[in-house]
Amino acid sequence: AILDRPPRTPASPAPPSDFPPIPAADRLQSVAQKNRPEILAAQAMIERSEAARSLALREYFPDLSVGYEQSVIGAGTTNTPFDGKDAKAFLFQVNLPIWAGRQNAARQEAKSQEEASESLYKDWVNQTMFEVEDKAVKAETSQRLIKLYQDTVLPQADEALKSSQNGYEADRVPFLDLLDSVRSLLKFEQEYYRYNADFAQRLADLERVLGVPFEQVGGENEK
């Protein structure tokens, strides 16, 4: 009654659902490198830059063209063998890129874009490796605190409150001591729920970096 709860309600809060275990950092990093949107976007930029460089290199190759023409002559007026027969011709043309200034500029631009894309990709990979390890450590810390409060701190505070209640009812414990026990239990409960909220937030932060829901981490890693 002193906690404004039904008489048979446990003093400590009910334990939450089982939290998923946090995999090893290298496993999480592997998943993030395959799925984080920023890394995938950087990879796409590299592929586009490589394609642009390949097109720029093709500008150095001779441009070959082959054609065929047929001209209708009509009826002949002489007795020569080819008189009146249609004229036919095969065409073969070669354009040589002797002015290389434009090709050099295009190739240099494509090369610069490719180098910039590769640098951006490496930056995102390095940042992701750090973020995954940092967020995984924070999530594990919250998880350990939750377990500590659930298994040790709250049961001990609950027992302390019960002992104070029994002592107060037997006139062996002052009322102020009983209030201290109540305040301590409520304080620990608030901290317990805050750690639960912290863990949920840190798990969401980790999922954002991974690029996939946390429950899919195992499946993604096995591919």
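Modeller: Happy to! Helices (H or I, at least four residues) and strands (E, at least two) are DSSP runs, numbered from the N terminus. From that end, the elements of the chain run α-α-β-β-α-α-α, giving five helices and two strands. This is a predicted model, where local features need pLDDT of at least 70 and side-chain atom pairs count only at pLDDT 80 or more, while totals for chains, interfaces and linings use all residues. Residues are numbered from 1 along each chain as its sequence is written, and side-chain values use heavy atoms, leaving out hydrogens and water.

Now to the core itself. A nonpolar core is a set of buried Ala, Val, Leu, Ile, Met, Phe, Trp, Tyr and Cys residues joined through side-chain atoms within 4.5 Å; buried means under 20% relative accessible area (1.4 Å probe, protein chains only). The largest such core has 26 residues, and Ile-22, Leu-28, Val-132, Leu-210 and Phe-214 touch the most other members. Two or more residues each come from α1 (25–35), α3 (101–169) and α4 (175–210), with α4 giving the largest share, 10 residues.

Take Leu-210: beyond its neighbours within four places in sequence, its contacts (heavy atoms within 4.5 Å) include Leu-28, Val-31, Asn-35, Arg-36 and Val-132. Arg-36 is also in contact with Glu-131, as are Arg-208 and Val-209. Glu-131 lies in helix α3 and is buried, at 13% relative accessible area.

A second, separate core of six residues includes Ile-39, Ala-42, Ile-46 and Val-125. Across the chain, buried residues make up 26% of the 223 residues.

Notes
Buried < 20%, exposed > 50% of the residue type's maximum accessible area, 1.4 Å probe, protein only.
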